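Please read the following points with the coordinates open beside them.

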Amino acid sequence: MNTPIIDFVKRYSESGTARFHMPGHKGQGEYAPDITEIKGADELYGADGIIAESENNATALFGSAHSFYSTEGSTLAIKAMLTLAASQRPKGERPFFVAARNAHKAFIYGVAMLDAEVEWLYSEQGHICLCKISPEEAERAIKNCRRRPDGLYITSPDYLGNLADIKGIAEVCDRLGVPLLVDNAHGAYLNFLEENIHPLALGASMCADSAHKTLPVLTGGAYLHIAKKAEHFCPRARGALALYASTSPSYLILQSLDACNKYVAESDGKRRKIAVEYVKTARESLQKNHIITEGDEPLKIVINAPASGYDGNELAEIFRKNGIEPEFCDRDYTVLMLSEFNSGRELEILSKAFAGLEAKTPIQRETISLPRCKAAMSIREAVLAPCESVNAQEAEGRICALPTVSCPPAVPVAVSGEIIDKTCISAFSYYSLTKIDVVKE
């Protein structure tokens with residue numbers, strides 16, 4: 001597979017052309033591959049040259065109607081996806097989405113920009129990252145809406161490695177005429193497994209992938225995928241992306257997306273298969289040693305720390321002492337993300353750490369009720385309102401302004417516009433959130 005962006009930048013860097021254009025480093029030394037939208041370099045949000053050609057390569061690999069590049073992560077792709085879905089709403093109506101509550105704050109900000117309404121779907125799994133929705137629950141939620149929603153929005157895989165029943169939910173959405181929108185930030189690689197379980201392959205209308213999370217792409221590289229059955233969204237997609245994006249996209253990130261096409265197209269998949277088999281074997285080994293793992297995502301190892309006798313933060317420190325940096329930890333879970341680019345040496349280090357991990361007496365996990373707060377303002381009104389930061393334990397009765405949450409996992413406890421209640425206060429304490437942004441009184 002060709003690499004049109006890389007090839008152009010290489011030719012330009014070697015041409016000796018005097019750079020009387022941005023960036024200010026003028027391509028000196030190691031900065032030579034960093035360029036801007038000069039003649040021949042195409043323009044990301046008006047692509048008809050080398051970027052369009054590279055995107056066409058990605059489109060062929062993912063089997064989409066079109067796969068659009070983002071150099072600002074899946075955050076940009078999520079906002080654009082919502083904007084496109086909202087463009088189909090009835091005239092005079094506010095955008096309206098049904099969404100699983102474990103949505104990343106990028107969804108909240110996208111909703112705020114669109115002044116959209118949200119009907120939340122909740123589950124009883126007891127962690128802010130968890131919201132497993134069945135096809136039956138999705139169907140009930142859509143049918144109970146006052147009008148047909150502009151989209152059903154779910155996160156799959158979630159931060160704790162759970163895959164939703166995309167196929168079943170997509171069938172429901174298709175039957176009811178509602179686009180299925182998937183935050184697939186952690187799952188770009190799912191398209192390249194022996195069994196393709198990417199959301200597009202399973203029936204999603206649109207999805208946002210963070211390429212950099214699981215593929216060999218620089219941080220910030222992402223895709224907005226539009227399915228063939230939803231190709232009517234394609235003509236407006238670049239405009240939707242441009243609405244939220246910088247006019248100076250990173251050509252270093254674009255080159256990495258370009259290179260990734262060639263890599264996955266020409267790879268024999270052996271390293272990917274080794275990584276998947278390693279995770280499967282490691283989970284089985286841990287379970288035999290009474291270290292409890294959860295989730296079914298092929299390249300995540302998620303340890304239920306209390307069930308294994310640990311606090312998740314304590315467990316993460318044990319890994320760090322063994323020269324391993326986890327992806328995420330809190331009191332309940334420690335998450336390790338793998339890819340085919342983890343070296344044999346790294347897998348050996350991880351195996352040794354697992355071998356030295358002894359299960360202890362399970363800790364009774366504290367039962368926590370996740371908030372289901374009443375809204376006093378729209379999300380947009382609250383996000384844009386004058387706000388102040390207060391102690392989380394003193395915020396009862398106040399209205400949440402910006403969702404205050406760490407990243408990872410960037411899933412809010414309280415959503416903008418909601419009245420903070422006692423359940424929220426308990427959850428803030430549980431997740432060690434000490435300061436909360438609230439609307440000024």
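1. Glu 139 lies in helix H5, residues 135–143, where helices (H or I, at least four residues) and strands (E, at least two) are DSSP runs numbered from the N terminus. Because its relative accessibility is 18%, Glu 139 counts as buried, the term meaning under 20% relative accessible area, with exposed being over 50% and partly exposed in between (1.4 Å probe, protein chains only). Its side chain is joined to that of Lys 143 by a polar contact of 2.9 Å, that is, a pair of N or O atoms within 3.5 Å of which, within protein, one must be able to donate a hydrogen and the other to accept it, residues adjacent in sequence counting only if both atoms are side-chain atoms. Leaving aside neighbours within four places in sequence, Glu 139 is in contact with Val 172, Arg 175 and Leu 176, contact meaning heavy atoms within 4.5 Å.

2. A note on the basis: this is a predicted model, in which local features need pLDDT of at least 70 and side-chain atom pairs count only at pLDDT 80 or more, whereas totals for chains, interfaces and linings use all residues. Residues are numbered from 1 along each chain as its sequence is written, and side-chain values use heavy atoms, with hydrogens and water left out.

3. Glu 340 is placed in the loop between strand S11 (333–337) and helix H13 (344–355), and at 9% relative accessibility Glu 340 counts as buried. Side-chain polar contacts join Glu 340 to Tyr 263 at 2.5 Å and to Arg 272 at 2.7 Å.

4. Helix H4 (residues 105–114) is mostly covered, with seven of its 10 residues buried, among them Phe 107, Ile 108 and Val 111. The buried residues of H4 pack against several elements, including helix H3 (73–86), strand S3 (117–121) and helix H14 (379–384). Asp 115, which follows H4, has a positive phi, near 55°.

5. The axes of helix H2 (residues 50–62) and helix H10 (residues 251–266) come within 10 Å and cross at roughly 40°, axes being lines fitted to C-alpha atoms, for helices over the stretch in contact, with angles running from 0 to 180 degrees between N-to-C directions. H2 and H10 are therefore oblique to each other, since angles under 35 degrees count as roughly parallel, over 145 as roughly antiparallel, 65 to 115 as roughly perpendicular and the rest as oblique.
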